[in-house]
Amino acid sequence: MSKPVLVIGNKNYSSWSLRPWLLLKHLGVDFDEVRIPLYVEGAKERILEYSPGGKVPVYIDGGVIVWESLAIMEYLAESHPSVWPAGQGSEGGGAVRRGRDARRVHGSQGQDAAQLQGPPAGGSP
Ligand SMILES: N[C@@H](CCC(=O)N[C@@H](CS)C(=O)NCC(=O)O)C(=O)O
């Protein structure tokens, strides 16, 4: 099985990219890193090859593509519950609930049978 991939921008300019990068390192996840230099010709086109939102970071885990740094962190928290502070499990952390709004699951046919996940049950602002 192939490793998940985190696509990021320049490490010195894109603190958004560093959020999930740091968390992945902290969790010891074995992932590949694709770095796209920002603010140069062709950068946007390269980002769009990976990211439906046209921004980095984006995390690709098998058929799942997650963009938005907080959404990526919430996605990681689903398989690593220690991400949340003790006593503030994912069900209790109402402020950070973007993960299901910024995720695409590719169909097994390889076509873009993409399905945007709806907001979490109970809703959040
Ligand atoms: N809210 C987004 C912000 C992402 C963002 O603005 N990324 C910038 C780099 S820091 C980007 O991709 N810029 C390239 C562009 O817009 O073409 C997140 O948290 O991931």
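**View 1. Glutamate 68 in the loop between E4 and H3 of the predicted model.** With 23 C-beta neighbours inside 10 Å, glutamate 68 counts as buried, because the threshold for that class is 20 or more. Its phi is near 80 degrees, a positive value in a residue other than glycine.

**View 2. Tyrosine 39 in the loop between strand E2 (32-35) and H2.** Although tyrosine 39 is not a glycine, it has a positive phi of about 60 degrees. This residue has 9 C-beta neighbours inside 10 Å and therefore counts as exposed, the limit for that class being 12 or fewer.

**View 3. The cis peptide bond between valine 56 and proline 57.** The omega angle of the bond joining these two residues is about 10 degrees, and proline 57 itself has its place in the loop between H2 and E3.

**View 4. Helix H1 (15-27) and its buried face.** The 13 residues of H1 should span 18 Å at 1.5 Å a residue, and this agrees with its end C-alpha atoms, which are 18 Å apart. Ser17, Pro20, Trp21 and Leu24 are the buried residues in H1; seen down the helix axis, the buried residues of H1 fall within an arc of 105 degrees, so they line one face of the helix. These buried residues pack against E1, E3 and H3, whereas the face of H1 turned away from the buried side carries the exposed residues Ser15, Leu22 and His26. Just after H1, glycine 28 takes a positive phi of about 75 degrees.

**View 5. The largest nonpolar core, with 20 residues.** Within this core, the residues that touch the most other members are Val7, Val58, Tyr59, Val66 and Ile72. Two or more core residues are given by each of strand E1 (5-8), helix H1 (15-27), helix H2 (43-50), strand E3 (58-61), strand E4 (64-67) and helix H3 (69-79). The largest share, five residues, comes from H3. In soluble globular proteins, nonpolar side chains tend to be buried together.

**View 6. Contacts of tyrosine 59.** When its neighbours within four places in sequence are left aside, tyrosine 59 is in contact with Pro4, Leu6, Pro20, Val66, Ile72 and Tyr75. Among these partners, Val66 and Ile72 are, like Tyr59 itself, listed with the core residues that touch the most other members, while Pro20 is one of the buried residues in H1.

Key:
Residues numbered from 1 in each chain as written. Predicted model: local features only at pLDDT ≥ 70, side-chain atom pairs only at ≥ 80, totals over all residues. Core = buried A, V, L, I, M, F, W, Y, C linked by C-beta atoms within 7 Å. Helix = DSSP H or I, 4+ residues; strand = E, 2+ residues; numbered from the N terminus. Contact = placed C-beta atoms within 7 Å. Expected span 1.5 Å × (residues − 1). Arc of directions from axis to C-beta.
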